[in-house]
Amino acid sequence: MKPPKFLRKYFWDVNFDSLDASQYPYFIIGRILEYGDKEAVKWMIKNFKKTQIKQTLIKRRGLSAKSANYWSCIFGVPKNKILCLKKSYQKMQKSHWPY
């Protein structure tokens with residue numbers, strides 16, 4: 001499944017034309033959770049299973065705390081299950097970028 005062209009702006013660092021949503025669902029879902037607008041989120045919910053979205057939210061370390069907190073409320077995922085909200089990960093982020 002090829003993502004629609006309006007999602008191109010969220011994948012600035014990859015070859016969008018060869019991006020396949022069925023092959024890289026967690027990568028695509030993660031980008032939309034972090035950067036997506038209303039239209040992108042509607043497309044994500046329509047094209048991916050709720051379990052895939054929740055698993056991405058739980059396992060993706062690249063989400064900001066702000067996004068993870070928001071989506072945990074929307075999808076009913078307990079915050080203590082989300083990796084990017086764990087204290088050890090937040091400390092590690094600060095050690096890489098201390099500013």
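This is a predicted model: local features need pLDDT of at least 70, side-chain atom pairs count only at pLDDT 80 or more; totals for chains, interfaces and linings use all residues.
**View 1. The F11–F27 ring pair.** Welcome to one of the six aromatic pairs that a search of the whole structure finds. The ring centres of F11 and F27 are 5.6 Å apart, and their planes meet at 50 degrees, so this pair is tilted. Since F11 belongs to the segment before α1 (25-35) and F27 to helix α1 itself, the pair ties together parts that are 16 residues apart in sequence. Are the two partners buried or exposed? F11 is buried, with a relative accessible area of 2%, while F27 is partly exposed at 21%.

**View 2. The W12–Y35 ring pair.** Here W12 and Y35 form an edge-to-face aromatic pair, with 5.4 Å from centre to centre and 75 degrees between the planes. W12 sits in the segment before α1 and Y35 in helix α1, so their pairing ties together parts that are 23 residues apart in sequence. W12 is exposed, with a relative accessible area of 54%; Y35 counts as partly exposed, at 44% relative accessibility.

**View 3. A charge over the ring of W12.** Stay with W12 for a moment and look at its face: R31 lies over it, at 4.5 Å from the ring centre. The ring of W12 also takes part in the edge-to-face pair with Y35.

**View 4. The phenylalanine cluster.** Which residues do ring pairs link into a cluster? They are F11, F16 and F27.

Definitions and conventions: Residues are numbered from 1 along each chain as its sequence is written. Side-chain values use heavy atoms; hydrogens and water are left out. Rings of Phe, Tyr and Trp (its six-membered ring) pair if their centres lie within 6.5 Å; planes under 30 degrees apart count as stacked, over 60 as edge-to-face and the rest as tilted. Helices (H or I, at least four residues) and strands (E, at least two) are DSSP runs, numbered from the N terminus. Buried means under 20% relative accessible area, exposed over 50%, partly exposed in between (1.4 Å probe, protein chains only). A charge sits over a ring if NZ of Lys or CZ of Arg is within 6 Å of the ring centre and within 35 degrees of the ring normal.
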